[in-house]
Amino acid sequence: MIGSLCISLLLTIILELLFTIIKNIRDKESISTIIWINCLTNPIVVYLTNMSLLINNNFITNLILLFLEIIVVFVEGYLFKKHLKEIKINSYIFSLYLNGLSFSFGLLL
């Protein structure tokens, strides 16, 4: 379980930082903010998703995952709005892009 938490967090940070750099957000403060926000949210989502697998019901697991991802988009959006100064797009849209990217990549794996 710890291994999957670490791998998920590392891959999420790498993907989201690549997207951030593409969006021309490159200052050290913004990069570190994105990293610490992911360190707060990603392990919780991965842990709760893994726990939902114990229910052994794909429908419920998918509902839980959808609910968690929606919450994360809003929480991260709020934190980006509060802490990222270099962001030129709506922080909630930025959060949706980042989480959509990392979620889609996770589905491919």
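In which hand, left or right, does helix 3 cross helix 4? Keep the question in mind while you go through this predicted model.

**Whole chain.** Select everything. The chain has four helices and zero strands, and its elements run α-α-α-α from the N terminus on. Its radius of gyration is 14 Å, close to the 13 Å given by the globule rule for 109 residues, so the chain is as compact as a globular protein of that length. Viewed along the principal axes, the C-alpha atoms fill a box of roughly 45 × 25 × 20 Å. Of the 109 residues, 38% are buried. Among contacts with a separation of 6 or more, 62% join residues 24 or more positions apart.

**Helix 3 and helix 4.** Next, select residues 58-83, which form helix 3, and residues 91-108, which form helix 4. The two pack at an angle of about 135°, with their axes 8 Å apart. That angle makes helix 3 oblique to helix 4. The crossing is right-handed, which settles the opening question.

**Their contact.** Show side chains. On helix 3, the residues making the contact include L65, V72, F74 and F80; on helix 4, they include Y92, F94, L98 and F103. By class, this contact has eleven nonpolar, four polar and three charged residues.

**N99.** Finally, select N99, which is found in helix 4. Is N99 buried or exposed? Its relative accessibility is 7%, under the 20% cut-off, so N99 counts as buried. Now show what surrounds the residue. Leaving aside neighbours within four places in sequence, N99 is in contact with E16, E69, V72, V73 and E76.

Note on methods: Residues are numbered from 1 along each chain as its sequence is written. This is a predicted model: local features need pLDDT of at least 70, side-chain atom pairs count only at pLDDT 80 or more; totals for chains, interfaces and linings use all residues. Side-chain values use heavy atoms; hydrogens and water are left out. Axes are lines fitted to C-alpha atoms, for helices over the stretch in contact, and angles run from 0 to 180 degrees between N-to-C directions. Angles under 35 degrees count as roughly parallel, over 145 as roughly antiparallel, 65 to 115 as roughly perpendicular and the rest as oblique. A crossing is left-handed if the near helix is turned anticlockwise from the far one by less than a right angle, and right-handed if clockwise. Contact means heavy atoms within 4.5 Å. Ala, Val, Leu, Ile, Met, Phe, Trp, Tyr, Cys and Pro count as nonpolar, Asp, Glu, Lys and Arg as charged, and the others, Gly among them, as polar. Buried means under 20% relative accessible area, exposed over 50%, partly exposed in between (1.4 Å probe, protein chains only). The radius of gyration is taken over C-alpha atoms; the globule rule is 2.2 Å times the number of residues to the power 0.38.
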